[in-house]
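Hi everyone, thanks for coming. Let's get the model up on the screen before I start talking.

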Amino acid sequence: MPAIPLAKAPQPAHTNPEQIRNFCIIAHIDHGKSTLADRMLGITGVVEARNMREQYLDRMDIERERGITIKSQAVRLPWQSGIDGKDYILNMIDTPGHVDFTYEVSRSLAACEGAILLVDCAQGIEAQTLANLYLAMENDLTIIPVLNKIDLPAAQPEKFAIELSKLVGCEPSDCLRVSGKTGDGVTELLDQIVAQIPPPKGSLNAPARALIFDSVYDTYRGVVTYVRVFDGKLSPREQIQMIATGVKHELLDIGVISPEPVSSSGLGVGEVGYLITGVKDVRQSRVGDTVTSYQNPAKEALSGYKDPKPMVFSGLYPIDGDDYPMLRDALDKLQLNDAALVYEPETSAALGFGFRCGFLGLLHMEIVRERLEREFNISLISTAPNVVYRAFLEDGKEKIVTNPSEYPNGKVEKVFEPIIKATILAPSEFIGTIMELCQSRRGVLGGMDYLSEDRVEIRYTLPLAEIVFDFFDQLKSRTKGYASLDYEPIGEAEGDLVKVDILLQGDTVDAFSSIVHRDKAYPYGVMMTGKLRELIPRQQFEVPIQAAIGAKIIARENIRAIRKDVLAKCYGGDITRKRKLLEKQKEGKKRMKMVGRVEVPQEAFIAALSTNSDGEGGKGKK
Amino acid sequence: MEKERNNESRKLSFYVHVPYCVKRCGYCDFNTYTPSELNSPDLKGITTSYIDSALKEIELASGKLGKIQVETIFFGGGTPSLLPAQEVSRVIAKISALFEIRPNAEITLEANPDTITESFLDSIRESGVNRISIGMQSAVPHVLNTLDRTHNPDNVVKSCELARKLGFEHLSVDLIYGIPGESFQDWQRSFEAALQLPIDHISAYALIVETGTKLAAQIKRGELLMPPDDETAEKYLQFDAAATSLGFNWYELSNWAIPGAESLHNKAYWNGSSWWGVGPGAHSFIEGRRWWNVKHPRKYQELISQNRSPEQDSEVLSLENMRDEFVMLRIRTREGIPLERLTDKQLEIANQFKNSGYIESLTWRDSLLVLTAKGRLIADRIVRELLV
């Protein structure tokens with residue numbers, strides 16, 4: 001009924017804004033956003049059933065496999081409303097879900113007039129649902145609350161409709177019920193998008209202004225820039241300019257995604273599509289920037305542009321020193337498609353040559369690490385993630401510290417660390433253990449609200465440094481996986497911090513230096529020295545292990561020299577086996593790192609770097 | 001080196017495996033089978049047909065190698081002393097017929113002190129066996145118990161006396177130390193008792209706990225506790241000192257002998273000479289190719305009876321393999337490694353070990369790398385450093 005063949009639908013650059021609806025779907029991970037999006041593609045006829053692959057809109061996997069952009073972050077869906085029978089164009093704009101990418105989310109939201117707030121009605125509202133909801137409200141979007149997965153036996157739509165409606169400020173009956181999987185309710189949802197979300201407003205005749213809400217590097221086409229036009233019009237072959245970066249380009253191609261890129265005669269007010277300018281670097285096409293005409297430029301940019309700011313740093317080192325050039329090339333390539341990734345060469349006496357990398361957050365860091373290991377096949381050691389410190393020295397100078405080993409112990413007058421506000425949603429039975437966890441991480445309770453009888457929202461202010469390590473894992477484990485976490489930076493605070501160094505045979509191992517709160521210095525020292533004593537094999541000489549703050553030793557352990565390392569028998573039948581063992585050990589030696597005269601196996605480094613400051617053994621990263 | 005190898009390869013050593021035991025000791029992971037493991041009431045009848053197969057393998061060897069000189073023969077196992085004497089005789093006769101056994105070739109047989117009899121020893125002496133190696137392990141009953149050994153310490157003394165009386169030229173005992181529950185005194189008791197025996201050769205091994213053995217299981221269950229490595233190292237040094245003071249010179253990591261009584265057969269292994277291993281699970285090494293036979297005696301006999309080779313798998317050593325093995329094996333010996341065989345980098349590393357007292361300075365001046373006692377204790381570590 002309401003699917004319109006694309007050829008008969010209103011065409012780009014010839015569409016009346018009144019017929020346009022720009023919306024996004026905001027949802028917690030795994031609440032079914034992708035499946036619902038698939039369903040919409042199917043029902044609107046944009047993707048025929050037989051071409052439908054599962055999760056058509058899944059960015060990471062498919063793109064990663066093929067190395068190209070095969071579908072985009074915004075899809076143009078033609079739809080005939082079942083309510084008034086008229087033709088409309090619905091632009092579904094994708095949003096990244098995770099806290100690390102809040103800025104990107106906010107720019108995607110800025111491209112829309114409305115948002116579907118999708119909640120899995122077998123799981124309920126989660127922290128990210130909330131965080132993104134608040135963002136959407138800040139951007140004055142019309143919110144359509146939708147309960148998904150009604151097909152599941154565990155679904156509790158009535159219960160969550162009440163919670164959801166309280167949150168959004170509507171009636172429980174206003175919450176739509178759908179199943180992305182079966183398609184139930186999706187037609188009605190599309191009609192409601194038309195009915196509830198307002199059309200875009202803008203000046204046809206004003207100088208062109210379009211918001212970049214995403215920018216993706218494609219091996220074949222270079223950077224593909226996704227835009228929402230606010231004022232005026234963009235035409236093919238036009239000279240354009242990016243206001244914040246000042247860069248000028250020629251539009252080689254302009255069009256819409258439906259779901260493959262389709263060139264058009266331009267993009268008009270309220271429309272969403274892509275631009276190709278031939279640039280190869282996403283830094284030349286930044287999210288949040290305003291695209292305008294070079295000949296007739298707009299005077300004011302659209303608001304909200306920010307330079308991405310890395311929050312979490314880590315030293316990445318190739319396990320095999322010979323891989324250093326490969327790592328450098330890989331980071332260069334990743335950077336093409338990741339405007340937020342920053343990195344600088346760094347040397348560690350312990351780990352050799354590597355890079356200090358800055359990420360938006362832990363997820364960003366995980367994604368980059370995984371891509372380096374999987375796509376580029378580089379085995380890495382990474383130092384424990386750390387935050388950025390702002391130290392004021394006794395001589396009045398300020399020093400920004402992104403690598404803990406550079407912290408100028410002893411010369412610091414005062415130091416500031418980044419603080420965040422964390423929002424945790426969990427079943428109320430876990431309130432006690434959650435509060436205990438946050439308190440142990442220098443948290444200050446901000447408040448607590450009951451979303452319903454058995455679900456609570458707890459807010460804590462915490463130093464970011466206490467979160468970056470394994471806070472999330474701990475939270476999940478204490479709450480049997482039920483808790484969800486979101487956080488936002490809220491500035492910095494002065495901290496009573498010290499740097500703890502770890503020394504092997506009197507030599508500082510820079511990779512193990514850590515900046516901790518003064519009260520945690522001793523437990524940290526004890527924990528690290530103890531762990532290293534277990535992990536480092538005996539050498540031909542004694543190895544003292546020490547933890548120190550400046551010149552003061554706060555903990556120590558000792559590894560005795562080895563006295564026996566020999567196989568008693570080696571007769572005819574033993575020779576082959578023994579030689580093969582030796583060959584294996586030769587390989588193992590390549591993975592040894594020398595710290596002074598001490599041989600430290602790579603596993604020891606990795607294990608030592610994966611402990612947390614609570615003194616509990618950390619779980620493996622992956 | 002080419003010439004050296006050729007000279008060596010024109011000589012051959014034979015190893016003959018006897019894969020049978022009355023009982024499996026707690027620490028043993030050798031390729032040996034008890035009657036019950038073979039579903040047989042006893043070993044009668046098994047050994048004869050086994051030796052039939054062994055003889056056929058010897059014929060196979062002859063077919064491949066021609067009539068070359070045989071320097072040594074070694075009967076190992078299992079418990080070679082469980083073979084009827086005439087079976088031992090048949091093997092020696094076969095080798096003699098198809099090859100040229102050098103006059104005064106060393107022919108060794110390993111024996112369990114519980115089961116040797118005078119008539120057995122007499123018989124095999126006549127067949128040409130001139131060297132006996134007795135599995136003593138310990139003189140202390142509770143230690144023998146931990147090892148799950150069947151024998152009575154007195155039997156060792158009796159067997160040695162018997163062997164001497166019957167005119168065997170060489171006599172050796174094996175000892176094990178570093179056993180759960182073994183004190184320093186226990187060890188001292190054992191080696192002092194051993195060194196008193198009328199022997200001219202002695203082997204002393206630190207216990208290796210192999211996976212799958214009864215001992216490994218006991219340790220895993222916490223019933224037995226391995227002594228700390230440092231103590232075991234100490235025991236080695238004590239023994240080395242005691243043996244040396246009584247005229248036994250170390251010539252390999254775990255082997256000491258009165259000068260002239262070194263085991264020529266074992267030296268063949270460490271010198272990269274050629275050797276043919278007869279029997280199930282036996283390894284062989286001829287001209288850079290090493291192979292090993294299938295493990296189970298039945299499978300072995302089946303293949304032999306079909307006139308097929310009993311080989312299970314093999315490897316041809318590359319130049320790098322040979323170099324590695326040279327270092328790996330020779331470093332264990334008193335002969336040592338001629339310095340000219342080492343690269344500059346290896347010499348540098350070795351020099352550091354010498355400065356730390358792990359390599360003998362005196363022999364270094366004679367361009368030989370020879371380990372000190374302290375060095376022998378970490379021989380594997382030194383090899384790893386040299387070979388990377």
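I'll go through the two chains and then stop at one residue.

Quick housekeeping: this is a predicted model, where local features need pLDDT of at least 70, side-chain atom pairs count only at pLDDT 80 or more, and totals for chains, interfaces and linings use all residues. Residues are numbered from 1 along each chain as its sequence is written, chains are lettered from A and ligands numbered from 1 in the order they are written, and side-chain values use heavy atoms, with hydrogens and water left out.

Okay, chain A. You get 13 helices and 32 strands; those are DSSP runs, H or I of at least four residues for helices and E of at least two for strands, numbered from the N terminus. Chain A has 622 residues, and 55% of them count as buried, meaning under 20% relative accessible area with a 1.4 Å probe, protein chains only. Its accessible surface is about 25900 Å², with 50% belonging to carbon and sulfur atoms; that's Shrake-Rupley, again with a 1.4 Å probe.

Over to chain B: 16 helices and 14 strands. Of its 388 residues, 58% are buried. The surface there is about 16300 Å², 49% of it from carbon and sulfur.

Now, the residue I wanted to show you: Asp324(B), sitting in helix 12 of chain B, residues 319–330. Is Asp324(B) buried or exposed? It counts as buried, because its relative accessibility is 6%. And what does Asp324(B) touch? Leaving out residues up to four places away in sequence, Asp324(B) contacts Leu387(B), plus Arg579(A) and Lys586(A), where contact means heavy atoms within 4.5 Å.

How values were computed:
Buried means under 20% relative accessible area, exposed over 50%, partly exposed in between (1.4 Å probe, protein chains only).
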